[in-house]
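User: I would like to learn how to read contacts, charge pairs, the nonpolar core and backbone angles in a model of this kind. Could you take me through them in turn?

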Amino acid sequence: MHELSITESILKIALDHAEKAKARRITDLHIVMGELASMVDDSIQFYWEIIAKDTIAEKATLHFRRVAAELQCMTCFEKYHPTDKELVCPKCHGVDAKIIKGEEFALESIDVE
């Protein structure tokens, strides 16, 4: 359900941006989502179609770009990409890892006319 509030925030940002640009229509929104982010693309798309209705963003296309997870083992400092949600270090089998990439969630760009 947190996708609804996130989608509302995206719409507000897009409408504010479009107003400042004196745009008559928002055509595309580019969203970056880390592989470990808890948001679901389909849920955001679903809520977008409901809340953007009757706005200048109604027909905008949402584009999702996923960022692969990258971890760093805090035992041997190896950087690695986890597989199958397995967070164990492939080099030393340590379980203490720091997330370097993969939790991102951002509105990267907005296209307007």
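**Reading the features**

Analyst: Not counting residues up to four places away in sequence, E70 touches K79, Y80, H81, P82, K98, I99, I100 and K101. Please keep in mind throughout that this is a predicted model.

User: Where is E70 found, and is E70 buried or exposed?

Analyst: E70 is found in strand β3, and with a relative accessibility of 14% it counts as buried, because the cut-off for that class is under 20%.

User: Which residue does the side chain of E70 meet in a salt bridge?

Analyst: The general idea is that side chains of opposite charge can pair when their charged atoms come close. In this structure, the side chains of E70 and K101 meet in a salt bridge, with 3.8 Å from N to O. Since K101 belongs to strand β5 (residues 97-101) and E70 to strand β3 (residues 70-73), the pair ties together parts that are 31 residues apart in sequence. K101, for its part, has a relative accessible area of 40% and is partly exposed.

User: How many salt bridges does the structure hold?

Analyst: The structure holds seven salt bridges. One of them is formed by E113 and R25, whose closest N and O atoms are 3.1 Å apart. E113 lies in the segment after β6 (105-112), while R25 lies in the loop between α1 (2-20) and β1 (26-34), so this pair ties together parts that are 88 residues apart in sequence. E113 is partly exposed at 42% relative accessibility, and R25 is likewise partly exposed, with a relative accessible area of 31%. Through salt bridges that share partners, R24, R25 and E113 are joined into one network.

User: What does the side chain of R66 meet in a salt bridge?

Analyst: The partner of R66 is D41, at 2.6 Å from N to O. R66 sits in strand β2 (residues 61-67) and D41 in helix α2 (residues 41-51), and the pair therefore ties together parts that are 25 residues apart in sequence. R66 is partly exposed, its relative accessible area being 39%.

User: Now to the nonpolar core: which residues touch the most other members of the largest one?

Analyst: In soluble globular proteins, nonpolar side chains tend to be buried together. Here the largest nonpolar core has 19 residues, of which I10, I26, L29, M39, W48, A57 and L62 touch the most other members. At least two residues of this core are supplied by each of α1, β1 and α2, and the largest share, five residues, comes from α1.

User: What is A57 in contact with, leaving aside its neighbours within four places in sequence?

Analyst: With those neighbours set aside, A57 is in contact with L11, L15, I26, W48 and A52. Of these partners, I26 and W48 are also named, like A57, among the core residues that touch the most other members.

User: Last, the backbone: what is the phi of D54, and where is D54 found?

Analyst: Most residues other than glycine have a negative phi. The phi of D54, however, is near 65°, a positive value in a residue other than glycine. D54 is found in the loop between α2 and β2, where, at 68% relative accessibility, D54 counts as exposed. H93 also has a positive phi, near 65°, and is not a glycine either.

Terms used: Residues numbered from 1 in each chain as written. Predicted model: local features only at pLDDT ≥ 70, side-chain atom pairs only at ≥ 80, totals over all residues. Heavy atoms only, no water. Salt bridge = Lys/Arg side-chain N within 4 Å of Asp/Glu carboxyl O. Helix = DSSP H or I, 4+ residues; strand = E, 2+ residues; numbered from the N terminus. Buried < 20%, exposed > 50% of the residue type's maximum accessible area, 1.4 Å probe, protein only. Core = buried A, V, L, I, M, F, W, Y, C linked by side-chain atoms within 4.5 Å. Contact = heavy atoms within 4.5 Å.
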